[in-house]
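Here are a few notes for your first look at this one. Have the viewer open and follow the aromatic side chains as you read.

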Amino acid sequence: MSTAAPEAPARTLPFEFFDTRVVRTRRLGPTMLRITFGGGSLRHLTTGGRDQRVKLFLPHPGQDAPLVPTDAGDEWFTAWRAMDPAVRGIMRTYTVREQRRVPQEELDVDFVLHGIGDPSEAAHADSADSADSAPAGPAGPASTWAANARPGDRVTLLGPTVADNGGVDFRPPPGTDWVLISGDETALPAVAGILEWLPPGTQAKVWLEVPHAEDIQELPTVADADITWLVRENSAAHRTELHLASIAAARLPAGTPYAWIAGEAGTVKTLRRHLVRERGFDRMRVKFTGYWRLDATEEQLVEEAVSGAADTADA
Ligand SMILES: Cc1cc2nc3c(=O)[nH]c(=O)nc-3n(C[C@H](O)[C@H](O)[C@H](O)COP(=O)(O)OP(=O)(O)OC[C@H]3O[C@@H](n4cnc5c(N)ncnc54)[C@H](O)[C@@H]3O)c2cc1C
């Protein structure tokens, strides 16, 4: 495939804070809500496409805008952690679904509304679907914020200023013949971005797991993509088993693969183990990322990562 051209691994983080406002919201199905952000400063934001991640800082209920140490430079994370969690902006990780420059600077982020009781009430603006099944799982601050977002609501975004930045993980190394892509609904925006980016004719085997049939989206691509949609409501199997069974039963193409897996952390771990141990994938050619974990908030995952890094430094 032509993505085999060497790509320097970008590990720099040329990220800046952007003050943005909600422009509009649009329901994509029972599970997802697209929020379009705007603001003049977004002209300095430059995404790398694919699975470009950004940090969103959301206000607490009652706050007009999130409190974020935007003037702390490279020390922003230390400064943010030192703030009172009850008042500092709620930090969450999301994917840039699309960035537009014209007719004005806009950015789309697709939110999973997990745990939001009545999707039809949560949907504002041009509601697209009449879904009557609420997305499963407990609600979190971000899904709750998204469900209630209104035009004009303020959010601070930490995002890249150059396209080749450390917030893009999908990087097939030289010598890749085909790609395997697997994700759940939280990874659907990233998979959509990856499929849009893949060069013409790239052979891609794709698995996407969503709660409901109405969550299935058109995913434009010029790649030679074979997409399998796994709908959880149609299955008695646990999410991991459903996903694993489908991949395990698949005939995979010949040649050297590159795999990208994202979604619930336990499922991701199981799928990665299957590819490496049972399918013989080179572990260096499997990029896997837990986008969320059952029974853990993002704060808990961040604190685990910080203490893990400290343990490594102590060792
Ligand atoms: C690189 C990256 C990119 C991401 N991109 C997106 C994206 O584009 N769109 C998107 O919707 N999410 C995305 N996520 C996942 C998102 O950050 C998490 O789902 C996050 O936990 C949501 O925050 P919250 O405040 O709603 O819930 P939290 O407060 O973090 O969690 C509250 C509870 O909800 C559970 N929970 C969290 N997420 C889900 C879920 N999806 N389904 C069911 N239960 C859940 C947790 O286990 C916890 O018990 C991404 C994550 C990463 C790491």
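1. Start with Trp145: its relative accessible area is 11%, so it falls under the 20% cut-off and counts as buried. Keep in mind that this is a predicted model.

2. How many aromatic pairs are there? The count comes to 13. One of them joins Phe37 and Trp145: the ring centres are 6.3 Å apart and the planes meet at 5°, so this pair is stacked, the angle being under 30 degrees.

3. Where do the two partners sit? Phe37 belongs to strand E2 (residues 32–38), while Trp145 is part of helix H3 (residues 141–148). Phe37 has 0% relative accessibility, so it is buried.

4. Trp145 also pairs with Phe111. Here the centres lie 5.9 Å apart and the planes are at 50°, which makes a tilted pair. Phe111 comes from strand E6 (residues 106–112) and Trp145 from helix H3, so this contact ties together parts that are 34 residues apart in sequence. Phe111 is buried too, because its relative accessibility is 0%.

5. Now move to another group of rings. Which residues make up the aromatic cluster? Phe17, Phe57, Trp76, Phe77 and Trp80 form it together.

Definitions and conventions:
Residues numbered from 1 in each chain as written. Predicted model: local features only at pLDDT ≥ 70, side-chain atom pairs only at ≥ 80, totals over all residues. Heavy atoms only, no water. Phe/Tyr/Trp six-rings, centres within 6.5 Å; stacked < 30°, edge-to-face > 60°. Helix = DSSP H or I, 4+ residues; strand = E, 2+ residues; numbered from the N terminus. Buried < 20%, exposed > 50% of the residue type's maximum accessible area, 1.4 Å probe, protein only.
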